[in-house]
Amino acid sequence: MAPQASQPPGRQNILKFLRSFLGVLRILQIAFGAGLWVTIAANKYEGSIHFVLFVAVLFWLLTLALFFLTLLDKQDLVPLLGGERWLPANLAHDVAAAALYLPAIGVMIYKTDRNAYCNLEQYKHPCLYKVYLTAAAFSCLSCLAYLVSAIYGGCRKCRGEQTVV
């Protein structure tokens, strides 16, 4: 059997990040956030749902940026937030996301409850109950992922770690 060639250092960093706890959390945050905003955007929405959509899209885009900057090990290129400030910047992002997802969960639960009457089999008109219920579940999962990430980042910051991976 021929010996395997070693992987380039860039690829090793990518695999290391993707297999790390934070890498898995970021992938979950991206997936749950996308699930939330696609569920809402694919259906009719009004009023306070705009706030939920704002939170979902904003933190989905910010999480994508953090994910790819960390994945490609380019966090030092970010002015004011790179280098030794990268871990606190990630922590602040996760705390802000968790804090803003909490009222989004409240909005989705309220909307779900307001449309619970149309969940009956005899109800024949268009109903957004299942859409709101799905969006409420995605918002809860997103908030949980950001909360776990914030706690994990806070523990790492308290231990004095400087790197994200």
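This is a predicted model: local features need pLDDT of at least 70, side-chain atom pairs count only at pLDDT 80 or more; totals for chains, interfaces and linings use all residues.
Axes here are lines fitted to C-alpha atoms, for helices over the stretch in contact, and angles run from 0 to 180 degrees between N-to-C directions. Helices are DSSP runs of H or I with at least four residues, numbered from the N terminus.

Residues are numbered from 1 along each chain as its sequence is written, and side-chain values use heavy atoms, with hydrogens and water left out.

I will start with α3 and α4. Helix α4 covers residues 86-114, and α3 packs with α4 at an angle of about 155°, the axes being 9 Å apart. The two are therefore roughly antiparallel, a term for angles over 145 degrees. Their crossing is left-handed, meaning that the near helix is turned anticlockwise from the far one by less than a right angle. On the α3 side the contact includes F51, V55, F59 and L62; on the α4 side, W86, H93, L100 and Y101 are among the residues. Contact means heavy atoms within 4.5 Å. Sorted by class, this contact has 18 nonpolar, 4 polar and 1 charged residues. Nonpolar covers Ala, Val, Leu, Ile, Met, Phe, Trp, Tyr, Cys and Pro, charged covers Asp, Glu, Lys and Arg, and the others, Gly among them, are polar.

Now the other partner of α3. Helix α2, residues 21-41, packs with α3, residues 49-71, at about 150°, with the axes 9 Å apart. The crossing of α2 and α3 is left-handed. Among the residues that meet are G23, R26, I30 and W37 in α2 and L53, V57, W60 and F67 in α3. This contact has 16 nonpolar, 4 polar and 1 charged residues.

How far apart are the end C-alpha atoms of α3? They are 32 Å apart, which agrees with the 33 Å that its 23 residues should span at 1.5 Å a residue; the expected span is 1.5 Å times one less than the number of residues.

D73 sits in the loop between α3 and α4, just after α3. D73 has a positive phi of about 55° although it is not a glycine. With a relative accessible area of 44%, D73 is partly exposed (buried is under 20%, exposed over 50%, partly exposed in between, with a 1.4 Å probe and protein chains only).

A92 lies in α4 and, at 46% relative accessibility, counts as partly exposed. A92 and G153 are 61 residues apart in sequence and 9.2 Å apart in space, C-alpha to C-alpha.

Methods: Angles under 35 degrees count as roughly parallel, over 145 as roughly antiparallel, 65 to 115 as roughly perpendicular and the rest as oblique.
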